[in-house]
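Biologist: I have a new model on my screen. Please show me how to read it.

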Amino acid sequence: MPPSQSKARWRHGLLLLATAAGVRAFCIGLTGVLLGLYLARRQLSAGQVGLVIGCGLAGNALATAWLAWGPSTLGRRPVLVVTTLLSAAGLVGLGQVSTPLALAVVAFLGLVNGMGRDRGPAQVVEQSLLSDQLPDTDRARVMARYSAAQDVCGSLGSLAAGLPDILPGDPTQTSRLLFAVAGLLALIPLLIYVWLVPAGSGRQSGRMKVQRVDPATRRRVRGLAGLFALDSLGGGFLAGSILSYWFFKRFGLSGEVIGPLFLVARGLNAASYFAAEVLARRFGLLKTMVFTHFPSSALLLLLPWVGSATAAMLLFLAREALVQMDVPARQAFVAGATRPGERVYAFGVTGLTRNLGWAVGPALAGWSVQALSLGAPLVLGAGLKMVYDLLLYRSFVPGPVPEAS
């Protein structure tokens, strides 16, 4: 195939991957807001809310572990198809059961993502496809655009979560219907995955051929995974469903307000990726990750002491303008620290640890609300994230790190 045709084919494949990721992000963005409100309306306690959200994230963690340590010839297409089907079934199932235990089981088996951000096994496969095809000079730029597409679509999902408070009828019943609609939408990426060449480079191989991972790479990935686990544990305290629950309980805000709030927040997230690309080229990946992430957590520490809903929403949006700037830099950082055949392993292991932290965090957040105060998850989550930033900077500044050219 001539180079021009190969390049055009790859750009077409990138567009299709971004479309699939965008549809998935829409459903996850909707779930991240709607689930917390739905469970609160069902009169579940803070501990039960945390348990349901945590079980869904635990399911994502288990699926990611299977991907990271499964057979080396595991097919990309089967992973994408199976996880998409499970996610769709989970969304539909949320509206069909009522007890806390049943909701937790459905969330676990259906990979229900109450974080509001896509960090599951399907994203791991897509990131490995992208990273293997990109030169170092383009990786941060493409990852920024891929992440931005997800957050733009996720923001629209967050806005849609306000429909139960706008449409006539019982908001709880409308929420159940909305979960079912989201489950049907979640099936759309199947059309792309079945059609798209799984290898991502024009070859017809549908296998993820993972070369033997170098011991030095394993040590590097384990070190990063440990740090990312701390960050994700803090993130679990701050899941989108937990934050929507906090705004609902603290100020009595409904989905009619919280939905647009998260729409603006995700829009700020998406815009920040392009700023992160510029900063990464100017200051490097590591400094971009730390020097934008640390201040966002400092802002969050102030949120529980804000007395008005308007001030709280403005502070939350200021935090959202910074908090995701580390995402494309982190993805490029992991890719730059590994070879092409090692990246499924690297993204799988780091993705697993992040999912494990997110799975544990919401349950601890629910406990902290009951044992301490409504604002305790925000303080604990922000504190853990700030410790992560300091440890990350201290760990990698003395030695060579992957940087954006």
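This is a predicted model: local features need pLDDT of at least 70, side-chain atom pairs count only at pLDDT 80 or more; totals for chains, interfaces and linings use all residues.

Biologist: How many helices and strands does the protein have?

Modeller: Helices (H or I, at least four residues) and strands (E, at least two) are DSSP runs, numbered from the N terminus. Here there are 17 helices and zero strands.

Biologist: What percentage of the residues count as buried?

Modeller: Buried means under 20% relative accessible area, exposed over 50%, partly exposed in between (1.4 Å probe, protein chains only). Of the 405 residues, 58% count as buried.

Biologist: What span does helix α10 reach?

Modeller: The expected span is 1.5 Å times one less than the number of residues. Helix α10 (residues 215-237) has 23 residues and reaches 33 Å from first C-alpha to last, close to the 33 Å expected. Its buried residues include Val221, Leu224 and Phe228.

Biologist: Is Asp151 buried or exposed?

Modeller: Asp151 is buried, because its relative accessible area is 8%. It is found in helix α6 (residues 136-160).

Biologist: Which residues is Asp151 in contact with, leaving aside neighbours within four places in sequence?

Modeller: Contact means heavy atoms within 4.5 Å. For Asp151, the partners are Arg117, Arg266, Asn269, Ala270, Tyr273 and Gln324. The C-alpha atoms of Asp151 and Phe26 are separated by 8.3 Å, yet these residues are 125 apart along the chain.

Note on methods. Residues are numbered from 1 along each chain as its sequence is written. Side-chain values use heavy atoms; hydrogens and water are left out.
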